[in-house]
Amino acid sequence: MMDLEVGQVVAEASYPLTRDSLVRYAGASGDFNPIHYRDDVARNVGLPGVLAHGMLTMGTAVQPVVEWLGDPGLVRDYQVRFTRPVVVDPELGAVINVSAKVGALTDDGARIDLTVTFGEQTVLGKAQVLVALPK
């Protein structure tokens, strides 16, 4: 089993999102809500601009944990709360920053707590990944 300590950072990464990323995700997921690709529609419903899909943000945020584990089959559970939108600028895009640290250890695994930010703000709350650890 890996030698881990509560509070230990196990992975950190940054992921750029662009409007192209959103179009590709829409095609793969089937979520063609225009708030994810049209500024006028997003603003007409009171949003600050085109937003990244929540599930895209969630899926991106778990990637450093999967890479650290080396086996996606070791992820046993993953839950988040969406706290703030990720606004994707048409020219600059957006960058999601992820830090993953050990939140708790159990007999057969660990809870990895994610801090996921866009700009200076956290965009996912209580983002926790339960993982089995290789023996």
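This is a predicted model: local features need pLDDT of at least 70, side-chain atom pairs count only at pLDDT 80 or more; totals for chains, interfaces and linings use all residues.
Residues are numbered from 1 along each chain as its sequence is written, and side-chain values use heavy atoms, with hydrogens and water left out.

**View 1. Arginine 19 and aspartate 39 meet in a salt bridge.** The N to O distance between these side chains is 3.0 Å; a salt bridge here is a side-chain nitrogen of Lys or Arg within 4 Å of a carboxyl oxygen of Asp or Glu. Arginine 19 belongs to helix α1 (residues 19-29) and aspartate 39 to helix α2 (residues 39-44), so the pair ties together parts that are 20 residues apart in sequence. Helices (H or I, at least four residues) and strands (E, at least two) are DSSP runs, numbered from the N terminus. Arginine 19 is buried, at 17% relative accessible area, whereas aspartate 39 is partly exposed, at 23%. For these words, buried means under 20% relative accessible area, exposed over 50%, and partly exposed in between (1.4 Å probe, protein chains only).

**View 2. Aspartate 39 also pairs with arginine 43.** This salt bridge has an N to O distance of 3.9 Å. Both residues sit in helix α2, four residues apart, about one turn of the helix.

**View 3. Arginine 111 and aspartate 113 form another of the four salt bridges in the structure.** Their closest N and O atoms are 2.7 Å apart. Aspartate 113 is buried at 18% relative accessibility, and arginine 111 is partly exposed at 24%. Elsewhere, salt bridges that share partners join Arg19, Asp39 and Arg43 into one network.

**View 4. The largest nonpolar core holds 37 residues.** Such a core is a set of buried Ala, Val, Leu, Ile, Met, Phe, Trp, Tyr and Cys residues joined through side-chain atoms within 4.5 Å. Val65, Tyr78, Ile112 and Leu114 have the most contacts inside this core. Elements giving two or more residues to the core include β1 (9-17), α3 (54-61), α4 (63-69) and β2 (75-82). Strand β5 gives the most, with six residues. Tyrosine 78 touches Met58, Ala61, Val62, Leu114, Leu124, Gln128 and Val129, not counting residues up to four places away in sequence; contact means heavy atoms within 4.5 Å.

**View 5. Threonine 115 is found in strand β4.** Threonine 115 is partly exposed, at 41% relative accessibility. Not counting residues up to four places away in sequence, threonine 115 touches Asn97, Val98 and Ser99.

**View 6. Val23, Phe32 and Tyr37 form a nonpolar patch on the surface.** Together they have about 320 Å² of accessible area, from the Shrake-Rupley method with a 1.4 Å probe, where only the protein chains shown count as cover for residues. Patches are made of residues with over 30% relative accessible area and no salt bridge, like charges being joined within 9 Å and nonpolar side chains (Val, Leu, Ile, Met, Phe, Trp, Tyr) within 5 Å. Tyrosine 37 lies in the loop between α1 and α2 and is partly exposed, at 40%.

**View 7. Lysine 126 has a positive phi of about 40 degrees, although it is not a glycine.** Most residues other than glycine have a negative phi. Lysine 126 is exposed, with a relative accessible area of 53%.
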